[in-house]
Each structure stands twice: as structure tokens, then as C-alpha cells.
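Open the model in your viewer and keep the selection tool at hand. The stops below go from single pairs of side chains to the contact between two chains.

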Protein chains: 2
Amino acid sequence: MEISELGEFGLIDRLTAGLNTVNPSTIRGVGDDCAVLRNHDTDILVTTDLLLEGVHFDLTYVPLKHLGYKSAIVNFSDVYAMNGTPKQITVSLGISARFTVEHIAELFSGIRLACEIYGVDLVGGDTTSSRQGLVISITCIGEAPSDRIVTRGGAADTDLICVSGDLGAAYMGLQLLEREKVASAGRKDFVPSFDGKEYLVERQLKPEARRDIVEALAKAGIVPTAMMDISDGLSSELLHICKASDAGCRVYEDRIPIDYQTAVMAEELGMNLVTAALNGGEDYELLFTVPLHAHDAVSAIPGVKVIGHITKPSLGCAMITRDGAEIPLRAQGWNPLKGETDK
Amino acid sequence: MEISELGEFGLIDRLTAGLNTVNPSTIRGVGDDCAVLRNHDTDILVTTDLLLEGVHFDLTYVPLKHLGYKSAIVNFSDVYAMNGTPKQITVSLGISARFTVEHIAELFSGIRLACEIYGVDLVGGDTTSSRQGLVISITCIGEAPSDRIVTRGGAADTDLICVSGDLGAAYMGLQLLEREKVASAGRKDFVPSFDGKEYLVERQLKPEARRDIVEALAKAGIVPTAMMDISDGLSSELLHICKASDAGCRVYEDRIPIDYQTAVMAEELGMNLVTAALNGGEDYELLFTVPLHAHDAVSAIPGVKVIGHITKPSLGCAMITRDGAEIPLRAQGWNPLKGETDK
């Protein structure tokens with residue numbers, strides 16, 4: 001059977017079917033942003049990401065330092081998405097012959113900068129040659145008090161659905177970078193034009209993990225009922241939360257936070273703005289649910305927006321458009337095992 | 001600067017120069033078989049390995065199930081090498097288009113079998129497409145009581161140097177498989193001949209981690225002063241222990257354990273047997289040091305052999321040959337960043 005028939009999540013389901021755990025320290029395995037290992041009253045969170053040249057990044061326009069920074073950030077984001085704090089990472093690199101020591105030092109300087117800013121220790125890894133372009137595999141270990149862990153599975157009917165920041169900008173940044181790459185082909189003196197779109201480029205090349213939101217939630221005394229980070233697009237992640245929580249949802253088109261530059265770029269490219277915001281991916285914003293009574297407290301946190309609410313599962317998952325129509329949510333986010341057409 | 005000028009360890013030294021840790025839970029970072037994270041009186045061990053098609057394995061003669069098994073085992077081995085117990089792994093896969101669901105299920109069945117046998121839980125990972133052949137990145141998390149962790153750095157003058165099992169067989173297995181691969185080129189009806197050399201093939205394709213030795217040491221009340229697993233060859237690993245422990249060593253050629261099949265194969269290939277045993281790599285046996293007074297207890301453990309002793313650092317690291325000559329030990333083990341000529 002072709003792997004594309006199953007896609008990433010279908011393949012993972014197949015591979016992990018009937019998988020049991022035997023160690024008492026294993027609290028939660030496959031299926032959330034992180035695995036959860038218990039040790040006394042502290043939970044250890046573990047997450048890992050594999051980034052391959054030509055699939056996840058294009059060194060034509062991604063500077064190595066930015067790549068290193070982002071590779072670390074996407075892992076930190078998964079730990080914050082469980083309401084934890086990233087503490088350590090391991091970094092494995094497969095390096096092909098065209099890279100020099102200076103190149104790899106540049107990549108590493110980005111990883112080390114991210115570690116410095118987020119207070120994370122680089123504790124190990126593996127380094128080898130590659131015949132296949134650059135390979136980056138990072139595993140992040142985080143911590144959280146056992147009673148503070150937030151999974152995808154706790155959202156309940158009437159809970160409010162919240163997102164941090166704005167959506168779709170990283171995707172538009174990618175479109176912009178790809179456009180300039182095409183325009184630059186064969187022209188040595190080409191200077192890409194990002195005027196007025198710097199935010200989009202920054203969101204694509206140098207995302208941040210929302211530690212500030214996790215800290216603000218803690219300060220406000222709010223423990224989300226469910227949470228995850230938005231890496232594959234809002235639609236896909238909402239469906240994950242609703243499936244894990246056995247719930248439905250309604251989100252409102254006019255509540256989805258979108259930056260002005262994102263809107264301008266979508267207009268320029270003739271793309272549907274809301275589709276980009278729903279399915280764009282790589283935002284690394286937090287998507288979370290809180291009980292209804294937390295409405296005022298959560299609304300008071302800068303950068304957090306309530307975009308809808310959780311429903312009974314029988315109502316399904318849908319977006320209410322500006323004109324009041326209900327459109328079922330579909331996972332059209334980036335599926336790295338289904339090929340470019342799904343992007 | 002070309003990466004080959006520095007080699008793997010030189011590059012790692014360069015990349016991690018001046019690296020500090022900021023989290024109190026980080027006890028030990030880069031530089032041993034595992035990182036060590038402390039949590040109350042338990043230490044969490046973390047190790048990771050990146051395996052790339054064409055560099056670490058050749059699917060012409062490596063069955064996918066064996067590859068999965070070995071990929072897990074090499075990580076378990078690193079945890080045992082710190083006197084710990086592996087508990088969880090994450091598995092990340094980069095899968096190129098020529099693989100079907102059945103192929104990946106076969107690979108995974110080997111990983112799951114290793115997990116079952118060693119009592120390890122598979123708790124997460126990442127799955128993506130690859131344009132570059134198969135990529136396998138595994139991270140293993142283990143546990144040990146804080147006072148039982150064994151690093152590379154504790155060997156002291158007069159300590160006995162011990163190894164488990166026998167050395168060089170996995171390397172000879174690789175030579176044999178490569179020979180049969182060459183012989184089979186272009187011949188569809190080719191049947192490889194492994195008669196009388198099954199042990200060598202098994203050592204290469206299906207190594208085991210020496211949990212039994214770690215358990216036997218514990219039962220005998222022996223805590224090694226230093227320990228690591230032999231993945232790059234005895235010479236290389238002895239030099240690591242001596243460097244980390246600020247010590248020298250003497251090992252005796254006639255004490256190095258070598259299987260009969262290894263000797264026959266070396267003879268057939270016209271290779272120096274001791275060189276193969278010293279530098280072959282991929283044995284995944286344990287190399288450890290114990291205080292002199294543990295001589296009788298350690299000698300009584302089946303499969304453990306005393307091969308020499310630790311000296312003052314000023315004496316350097318050397319092997320005493322059968323005719324009494326002293327030959328300095330050199331790290332000629334497999335260096336994946338120095339190219340094939342070093343192999």
C-alpha cells in the first residue's frame with residue numbers, strides 16, 4: 001500500500017496499533033504534543049522533530065542561523081503546548097559534504113541562541129555525515145508539575161476556544177519567499193523585495209514559541225482544559241482537539257486573528273485569506289480551551305482571542321462564516337506524507 | 001574549513017565550546033553515552049542516534065525488521081553503558097517514496113520487538129517524507145538511581161579494565177555481507193554463502209544490548225568506576241575513558257576476547273585479527289573498569305573478561321603484544337565524518 005493513501009496520521013495509527021506500555025513512569029505515549037513520563041510529582045515531557053532539507057526547508061532562502069533557531073523553537077513550542085517548560089534538548093545532525101565547519105557553526109549558533117533565550121540546555125546529540133542533504137533531528141525534554149499538564153483531550157461542551165497571536169502569516173511568508181526565489185532564478189544581482197512584508201518573512205523564518213502566553217495563563221490562574229500548538233493549521237489542530245476530547249466545535253470566521261500584512265499578501269496572490277489562516281500552518285501559536293467562567297480572565301490577556309466554543313460531539317466541527325453559513329472544518333494542513341498537492 | 005579536518009569529535013568540541021547549562025536538573029550534558037537529568041533521587045538518562053541510509057545501513061543486505069531492531073538496540077546500549085535501564089524511546093522516520101506501508105510496518109515490527117524484549121515503551125516520534133532515502137532518528141530515555149550512574153570519567157590507577165562478550169565479530173560480519181553483495185551484483189539467482197559464519201552475520205545484523213551484564217554486576221554488588229559501550233571499537237573507547245578519567249591504560253593482546261569465526265574470517269580476508277578486534281566497532285559490548293579488589297567477583301561473571309588495567313596518565317595508553325612489545329593505542333574506529341578511508 002502506498003504511504004500517501006494513509007497519510008502521516010494514518011500511518012502512525014497503523015504502526016502504533018495495539019501498542020501497550022509497561023513502565024509505570026510512562027503516563028502518556030503517542031498521540032499528543034509530547035509524551036509524558038512521571039517521576040514523583042514532576043512530569044517529564046518529551047517531544048521530537050525531524051527536519052529534512054528539501055522537505056522542511058530550502059537553504060536557497062533560509063539562513064542557517066535562522067534554521068537552527070526555528071528547529072529548536074518548534075520543539076519548545078510542543079512543550080509549552082502541554083503547559084510545560086522546556087529544559088533540555090538533544091541535537092542530531094546529518095551533514096552532507098558541501099557543508100563546512102563554518103556552516104554548521106552558523107546553524108548551531110541559531111540553536112544555541114534559542115536555547116539561551118528560552119533557558120534550555122543543549123545536553124547531547126549525534127553527528128554524522130549524510131549523502132542526502134542536511135538532516136536535523138531535535139528532541140526536547142521539558143518539565144511540569146503533574147497536576148498542571150494540559151493534553152488535547154480535556155475540552156468539554158461550552159468551553160471557550162482561544163488562540164494566541166495571529167494566523168496565516170508564516171504561510172504567507174513562505175509564499176513570498178518562494179515567489180522571490182522563482183524571480184531570482186539565474187539572476188546573480190537579484191535583490192528580493194520584502195518591503196512592507198517583513199512581518200511575514202519573520203514569521204516564516206524566525207518563529208517564537210509562546211512561553212509568554214503559558215506564563216500569562218499561569219499568572220491569571222487559568223489552567224486550559226485542552227491545548228496544542230498550531231503547526232499544521234488551525235483546522236487540523238481543532239479537529240485533533242475535538243477528536244481527542246470527543247467534542248464538536250464552532251469557530252467564527254470574523255474572530256480569527258489575522259495580521260494586516262497577511263491580508264495584503266493574500267490579496268496580492270489571489271488567495272482566500274481565511275483558507276490561508278485556517279490551513280496555513282507553521283504559526284506556532286497556541287490553541288487552547290478554557291471553561292466558560294474564565295471568559296473575562298482569558299480575554300484580559302494581551303494577544304489572546306476567543307474564537308469560538310466547544311460543543312457536544314454530535315454537532316461536529318464547523319466554522320460560522322461572516323454571513324452566518326456553517327462550513328464543516330476539514331484538515332487541509334500540511335501533510336508531509338501526502339505530497340505537495342495537499343499543502 | 002572542511003569538516004573532515006576536524007572529524008566527528010573535533011566538530012562536536014567546536015560546536016559545544018563554552019556551552020553552559022542553566023537548569024538545576026541538568027547534571028551532565030554533552031560528552032558521555034547519555035545526558036543525565038536529575039529528578040529527586042532518580043536520574044533520567046537521554047541518548048539519541050541518527051541513522052542514515054547509505055551511511056549507516058545498506059538495504060541491499062539489511063532486512064528492515066533487523067534494521068528496526070538494531071536501531072533501538074544501539075540506543076538501549078548507551079543507557080546500559082551508564083548503568084541505567086532504558087524505559088522509553090521516540091522514533092522519528094524520514095521515508096522516501098519507494099517505501100510502502102508494509103515496508104515501514106516491517107521496520108517498526110523490529111523496533112517494537114526490541115522494545116518488548118527490553119521492556120521499553122515507544123512513546124512518540126515524528127514521521128515525514130524524505131527525498132533522500134530512509135532516515136531513522138531514535139531517542140531513548142532511561143532511569144537509574146542517582147548514586148548508581150556510571151560515567152566515562154571515574155577510572156583510577158590500578159583499576160581493572162573489563163569487556164563483555166567478544167570483539168570484532170560485527171565488523172567481520174559487515175565485511176562478509178559486503179563481499180557477498182559484490183559477488184551478487186547482476187546475478188538474480190545468487191544465494192549468499194554464510195556457512196559457518198552465521199555468528200558474524202548475526203552480530204552485524206542483530207546485535208543485543210548487554211542488559212545481562214549490567215544486571216550481573218548489580219547482583220555481584222559491583223559498581224564500575226567507568227563504563228561505556230563499544231560502538232566505535234575498543235581502542236577508540238579506551239581512549240575516551242582514559243581521557244575522561246585523566247588516566248592511562250595497558251591492555252594485553254592475548255586477553256582480548258575474539259570468537260573463532262572472527263579469527264577464521266580475518267584469515268580468509270588476510271586482515272590483522274587484533275586490528276579488527278581493536279578498531280572494528282559495532283560490537284555493543286560493555287567496556288568498564290572496576291577497583292582491583294573486585295577482581296574475583298568480576299571474573300566470576302560469565303562473559304566478562306579482564307583485559308588490562310588503568311595506569312597513571314603519564315604512562316599513556318598502550319597494548320602489550322604477545323611478544324611483550326608496547327604499541328600505543330590509536331583511535332581508528334569508525335568516524336562517520338572522516339569518510340570511508342578511516343573505516
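Which residue does the side chain of A:R250 meet in a salt bridge? Select A:R250 and A:E326: their side chains form that salt bridge, with 3.3 Å from N to O. A salt bridge here is a side-chain nitrogen of Lys or Arg within 4 Å of a carboxyl oxygen of Asp or Glu.

Before the next stop, note that this is a predicted model, in which local features need pLDDT of at least 70 and side-chain atom pairs count only at pLDDT 80 or more, while totals for chains, interfaces and linings use all residues. Residues are numbered from 1 along each chain as its sequence is written, chains are lettered from A and ligands numbered from 1 in the order in which they are written, and side-chain values use heavy atoms, with hydrogens and water left out.

**Stop 1**

Colour strand β9 (residues 248-252) and strand β13 (residues 326-328) of chain A. A:R250 lies in β9 and A:E326 in β13, so the pair ties together parts that are 76 residues apart in sequence. Helices (H or I, at least four residues) and strands (E, at least two) are DSSP runs, numbered from the N terminus. A:R250 is buried, at 8% relative accessible area, and A:E326 is partly exposed, at 49%. Buried means under 20% relative accessible area, exposed over 50%, and partly exposed in between (1.4 Å probe, protein chains only).

**Stop 2: a network**

Now select A:R28, A:D32, A:D33 and A:R152, which salt bridges with shared partners join into one network. Within this group, look at A:R28 and A:D32, whose side chains meet at 3.8 Å, N to O. A:R28 is partly exposed at 34% relative accessibility, whereas A:D32 is buried at 13%.

**Stop 3: a helix and a loop**

Next, select A:K70 and A:E282, a salt bridge whose closest N and O atoms are 2.8 Å apart. A:K70 belongs to helix α2 (residues 64-80) of chain A and A:E282 to the loop between α9 (273-279) and β10 (285-290) of chain A, so the pair ties together parts that are 212 residues apart in sequence. A:K70 is buried, with 12% relative accessible area. Over all chains, the whole structure has 34 salt bridges.

**Stop 4: where the chains meet**

Show chain A and chain B together. Each gives residues to the contact: 76 from chain A and 76 from chain B, where contact means heavy atoms within 4.5 Å. How much area do chain A and chain B bury between them? The value is about 6,200 Å², 56% of it on carbon and sulfur atoms. Buried area is the accessible area (1.4 Å probe) that two parts lose on being put together, summed over both. Select A:L15, A:V101 and A:Q132, which supply 11% of the area that chain A buries against chain B, more than any other three residues.

Across this interface the rule finds 0 salt bridges. On the side of chain A that touches chain B, β5(A) gives the most, with 9 residues.

**Stop 5: the axis**

A rotation of 180° with 0.0 Å of shift along its axis superposes chain A on chain B, with RMSD 0.0 Å. That is the relation of a two-fold axis. Copies are superposed by least squares on the C-alpha atoms of residues with pLDDT of at least 70 in both. Select A:Q132 again: in chain A, its C-alpha is the nearest to the axis, 2.5 Å from it.
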